[in-house]
Amino acid sequence: MTEEYPEFLLRLPRGGPMARGRLLTEKGTNGSQKMVVLAGSPARSDVVPSFPVRMPSSHRLREQLWEEGTIKETTTWPGWLEVVRDVECNSPSAAAEILLGRSANGWLEWKTADGRPLADFLEQASAGPSRAWLVRDPDITSLSPGDQMWRSRDRVTLAADRLRPGVSPGISKERLRVIVEEDYESAVTYSQKARFVDEFHAFLSRMRLGDTVCVFSGGELYVGEITGNAEQIASEHGRSVLRRPVEWASEGYPYDELAEELQQKLNTGHDLVDLTAVKGILDGLWSSDAELEKVAEESTDTSGIAIQAIVARRELEFPQPDEALRKKLNVHHLEWLSEVRDLLWDERQLIFYGPPGTGKTYLAQELAEFLGGGPEQVKLVQFHPSYAYEDFFEGFRPREDPDTHEVAFRLTPGPLRELADLAGREGNRHIPYFLIIDEINRANLAKVFGELYFLLEYRKKSVRLTYSGEGFALPRNLFIIGTMNTADRSIALVDAAMRRRFAFVELSPGTEPTSGLLRRWLEGEEKDTEPADLLDALNARIDEADFRIGPSYLMKPGVYREGGLERTWRTKILPLLEEHHYGEGVDIEKRYGLAALRASVAARRAPEMDDTGEGPGRP
């Protein structure tokens, strides 16, 4: 009976005329309820370029209707076409697509006169935002790459070997949990049972008409649209499976050409994966930027799918360092900053290493804020010997309930998890985010990073987390900058595994940009360059490069107040050298004191002054 459904309307693009349709109770070949486009409805005169690939059956139907004269030019709406007789379509989406000339979610775009979407009138359908899913279909993944007959069957299946018959769509998760526990008993582990409950429930109760679904076959990703409700059947291979009807795109998309965020999500061993977080990328696979923008302008789909696809395509990029940044950081050459930028872009993890006072942390923060566009995209943590995975990524910590004031252990994210979640949020993926790890070599790195070691090297992969059990991947727009104090003899050198995962950039008083940093800063501040001369003389007397003194100690305001240089030398610099020479019997004051260094600087300058005619050696 058709009278139980109201008449549905579809507004054509750019404020165009309104088409009319009627939903039928009969089902089409793809398992969806049929829909009739009523005679006299307008249709778009052109189609978007990806339409034949994305929705091949709807495209073929539209071409057939045009050839037989059912859709033709009209004088009723200049610039539009007209459907001259009722057209029965396999689904509401197909009915919308032959009119719009593009892929469309008919369950959301067809609406009643008072604005209610068609999905509100169907069982197992919802007017909420559509989702995306990856299904590892046992009848597909078991076939050879050349055998793609499955696509002509217009369905996707999920293995459910021991699940009892008669489990209906819409079943609650708790009821399904009891059934799985009984049906699978000791045949699988407790963790497999929990996974089966989640996957069966998603397939039976969370998937909706109009959702996007993906499968792998022959190294390519195939994308389709769910067109009907779930049912349980026995497959041709004798296995019990859950099945849903699907309309597939006519072409697969090569895995190697997929965006990194999508590859990360696909890299899981689960049979069913929620891909809603990357649905925008899926929806834009065969579409150009111009096409997506056009669809976004025209669509009445309130979920904003085309907008998501446009945002997902926004390119991640770093700004090029400029002369203003070079002057701010007192770096010797702009090319050095550009090289650091390129290293960070290519490797995504970088460590500044060198003796104390070489400006490692300052440089890391300033560079991160410049490349990320501001301090909001930068988070800093400092490692120490007791720092652990639970502090860095996630772990159970005592937390007080704000209502009951009871304390319980709850899974709590650490700074890396928080920043990764922020960077991976839809709409943020084109923005660089930076985690700065100060004193990175002061912690047990293998203990702190845990399974994240793997992700530092394989950014396109994901891992299963220790505590939450979730799949996790590092977002491509998350960069890590570490600092390492090479004079800290209490900490072992970074292990080979970590060295392979980071690019290392030296900041040493003996090489640029550090060696001339203090002198450039003093000249810029119009101060006497004596502190730079003294620092050069000091470092010339220190044999081990890792224990030379950096310029940061002499770049603070207190140094240039009355008696400030002497005070800084006595309380900051000499104690470092005393520790370095502990037990060696070195007279620190005689070798490194200001008086000795000033005498050395004066002796070095004397021949220079004689050569210029300004020294006492000239009559």
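**Strands and burial in a predicted model**

Student: How many bridges join β1 to β2, and which way do they run?

Tutor: Four bridges join β1 to strand β2 (residues 18-27), and the two run antiparallel. Strands are DSSP runs of E with at least two residues and helices are runs of H or I with at least four, numbered from the N terminus; two strands pair if DSSP finds at least two bridges between them. L10 stands opposite A19 in β2.

Student: What should I know about the model and the numbering?

Tutor: This is a predicted model, where local features need pLDDT of at least 70 and side-chain atom pairs count only at pLDDT 80 or more, while totals for chains, interfaces and linings use all residues. Residues are numbered from 1 along each chain as its sequence is written, and side-chain values use heavy atoms, with hydrogens and water left out.

Student: Back to the sheet. What is the strand order?

Tutor: The open sheet has four strands in the order β1-β2-β3-β7, with antiparallel pairing. β1 (8-11) and β7 (87-89) are at the edges with a single partner strand each, so one side of each has no neighbour in the sheet. On average, neighbouring strands of this sheet are turned by 35 degrees against each other, direction ignored. Axes are lines fitted to C-alpha atoms, for helices over the stretch in contact, and angles run from 0 to 180 degrees between N-to-C directions.

Student: Which helix lies across β1, β2, β3 and β7?

Tutor: Helix α3 (residues 92-100), running at about 30 degrees to β3 (33-37). Contact means heavy atoms within 4.5 Å.

Student: Which residues point which way from β10?

Tutor: T212, C214 and F216 point one way and V213, V215 and S217 the other; all are buried. In a regular strand the side chains alternate between the two faces of the sheet.

Student: What does β10 pair with?

Tutor: Strand β8 (residues 132-135) pairs with β10 in the parallel sense over three bridges, and L134 stands opposite C214. Strand β11 (residues 220-226) pairs with β10 in the antiparallel sense over six bridges. The bridge partner of S217 in β11 is E220.

Student: What's in the turn between β10 and β11?

Tutor: Two residues separate β10 and β11 in this hairpin, and G218 in the turn has a positive phi of about 60 degrees.

Student: And burial for the whole protein: what percentage?

Tutor: Buried residues make up 50% of the 619 residues.

Key. Buried < 20%, exposed > 50% of the residue type's maximum accessible area, 1.4 Å probe, protein only.
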